[in-house]
Amino acid sequence: MSVLYDVLGWLCLILIGAMVVLDVVMIVSLAAPGDERRRMIVWKSSTFTLLGTSGSLVIDIAASFIRGKQLEEVNPFVHLAVTAIIFCICMLYYKRKHGG
């Protein structure tokens, strides 16, 4: 049983490390200068990421009104991790689509 807990502990650490790396990649990508093509790729990725995260929050608010319950608190680490995942996937897609 303790071996299972050790493996799960390492998997959690790896997952948290991956999320931190994705967050750093997102921040560096947004701050790094580049040519027009690169700025367009970052702009499109940022737009889609904002749409996805804002849409998620709107759905959460609507669901809380429909259920008649108080709005649940959003975990900031999970929100940041999902934002970074969406941004990195969009960056990969638009880099492949527009070259770079």
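How many aromatic pairs does the count come to? The count comes to 1 aromatic pair, where rings of Phe, Tyr and Trp (its six-membered ring) pair if their centres lie within 6.5 Å. This is a predicted model, in which local features need pLDDT of at least 70 and side-chain atom pairs count only at pLDDT 80 or more, while totals for chains, interfaces and linings use all residues. Residues are numbered from 1 along each chain as its sequence is written, and side-chain values use heavy atoms, with hydrogens and water left out.

**Overall layout**

- The chain has 3 helices and 0 strands; helices (H or I, at least four residues) and strands (E, at least two) are DSSP runs, numbered from the N terminus.
- Read from the N terminus, the order of elements is α-α-α.
- The radius of gyration of the chain is 17 Å, whereas a compact globule of 100 residues would have one near 13 Å. This radius is taken over C-alpha atoms, and the globule rule is 2.2 Å times the number of residues to the power 0.38.
- Along the principal axes, the C-alpha atoms fill a box of roughly 50 × 45 × 20 Å.
- Of the 100 residues in the chain, 18% are buried. Buried means under 20% relative accessible area, exposed means over 50%, and partly exposed lies in between (1.4 Å probe, protein chains only).
- Among contacts (heavy atoms within 4.5 Å) with a separation of 6 or more, 81% are between residues 24 or more positions apart.

**Helix α1**

- The 30 residues of α1 should span 44 Å at 1.5 Å a residue, and its end C-alpha atoms are 43 Å apart, which agrees. The expected span of a helix is 1.5 Å times one less than its number of residues.
- Met19, Asp23, Met26 and Ser29 are buried in α1.
- An α-helix has 3.6 residues a turn, so residues three or four places apart point the same way.
- The buried residues of α1 pack against α2 and α3.
- Ser29 lies in α1 and counts as buried because its relative accessible area is 11%. Leaving aside neighbours within four places in sequence, Ser29 is in contact with Arg38, Val42, Phe87 and Met91.

**Helix α2**

- α2 has 32 residues and reaches 46 Å from its first C-alpha to its last, close to the 46 Å expected at 1.5 Å a residue.
- Its buried residues are Ile41, Val42, Ser45, Thr49, Thr53 and Ser64.
- The cover over these buried residues includes α1 (2–31) and α3.
- After α2 comes Gly68, with a positive phi near 75°.

**The nonpolar core**

- The largest nonpolar core has 8 residues: Met26, Ile41, Val42, Ala84, Phe87, Cys90, Met91 and Tyr94. Such a core is a set of buried Ala, Val, Leu, Ile, Met, Phe, Trp, Tyr and Cys residues joined through side-chain atoms within 4.5 Å.
- The elements giving two or more residues to this core are α2 (36–67) and α3 (76–98). The largest share, 5 residues, comes from α3.
- Val42 touches Ser29, Leu30, Phe87 and Met91, not counting residues up to four places away in sequence.

**Cysteines**

- A search of the whole structure finds 0 disulfides, a disulfide being a pair of cysteine sulfur atoms within 2.5 Å.
- Cys90 is buried, with a relative accessible area of 6%, whereas Cys12 is partly exposed at 46%.

- Tyr93 and Tyr94 form an aromatic pair with 5.0 Å centre to centre and 70° between the planes, which is edge-to-face. Planes under 30 degrees apart count as stacked, over 60 as edge-to-face and the rest as tilted.
- Tyr93 is partly exposed, with a relative accessible area of 48%, while Tyr94 is buried at 15%.
- Leu92 is in α3 and is exposed, with a relative accessible area of 62%. Leu92 and Ser45 are 47 residues apart in sequence and 9.0 Å apart in space, C-alpha to C-alpha.
- Lys95 also lies in α3 and is partly exposed, with a relative accessible area of 36%. The C-alpha atoms of Lys95 and Ile61, 34 residues apart along the chain, are separated by 33 Å.
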